[in-house]
Amino acid sequence: MAMASVRSGLLRAALRGGSRPTAPPKRGFASSSHHDDAYETAKWEKITYLGAAICTVLAIYNLSKGHPHHEEPPAYPYLHIRNKEFPWGPDGLFETKEHH
């Protein structure tokens, strides 16, 4: 019932030629123009490419340097306790055996 009264009210307003509320006009700032936007876009594009190039060079430099290798830790007896055998064999699923 309430929906019918809302519809009839809208219908009457449309038939009377009621005006719809309009959005406020956009403000135009004097310092903002299409030329300035294109200049800023080009500037930040150049900065982005330069930053990507610098990061790439630094990554190549850091990855090309050697790094220290640490000694193997001692084999502690409590690290690989196996109370029963796994279904796939005596070793863990992702462990590798090194044959010397």
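Let me start with a term: a salt bridge is a side-chain nitrogen of Lys or Arg within 4 Å of a carboxyl oxygen of Asp or Glu. Glu40 forms one with Lys43, and their closest N and O atoms are 3.4 Å apart. The structure holds 1 salt bridge.

Before going on, some ground rules. This is a predicted model, where local features need pLDDT of at least 70, side-chain atom pairs count only at pLDDT 80 or more, and totals for chains, interfaces and linings use all residues. Residues are numbered from 1 along each chain as its sequence is written, and side-chain values use heavy atoms, with hydrogens and water left out.

Now the overall layout. The chain has 2 helices and 0 strands. Those are DSSP runs numbered from the N terminus: helices are H or I with at least four residues, strands are E with at least two.

Back to the pair. Glu40 and Lys43 are 3 residues apart in helix H2, so about one helical turn separates them. How accessible is Glu40? Its relative accessibility is 33%, so Glu40 counts as partly exposed. Lys43 is partly exposed too, at 31%. Buried means under 20% relative accessible area, exposed means over 50%, and partly exposed is in between (1.4 Å probe, protein chains only).

How much of the chain is buried? Buried residues make up 2% of its 100 residues. The chain exposes about 10600 Å², with carbon and sulfur atoms supplying 63% of that (Shrake-Rupley method, 1.4 Å probe).

Next, Gly92. Gly92 sits in the segment after H2. Gly92 counts as buried because its relative accessibility is 12%. Leaving out residues up to four places away in sequence, Gly92 touches Arg82 and Phe86. Contact here means heavy atoms within 4.5 Å. Gly92 and Arg82 are 10 residues apart in sequence, and their C-alpha atoms are 9.5 Å apart.

Last stop, the surface. Leu79 is also found in the segment after helix H2 (34–64).
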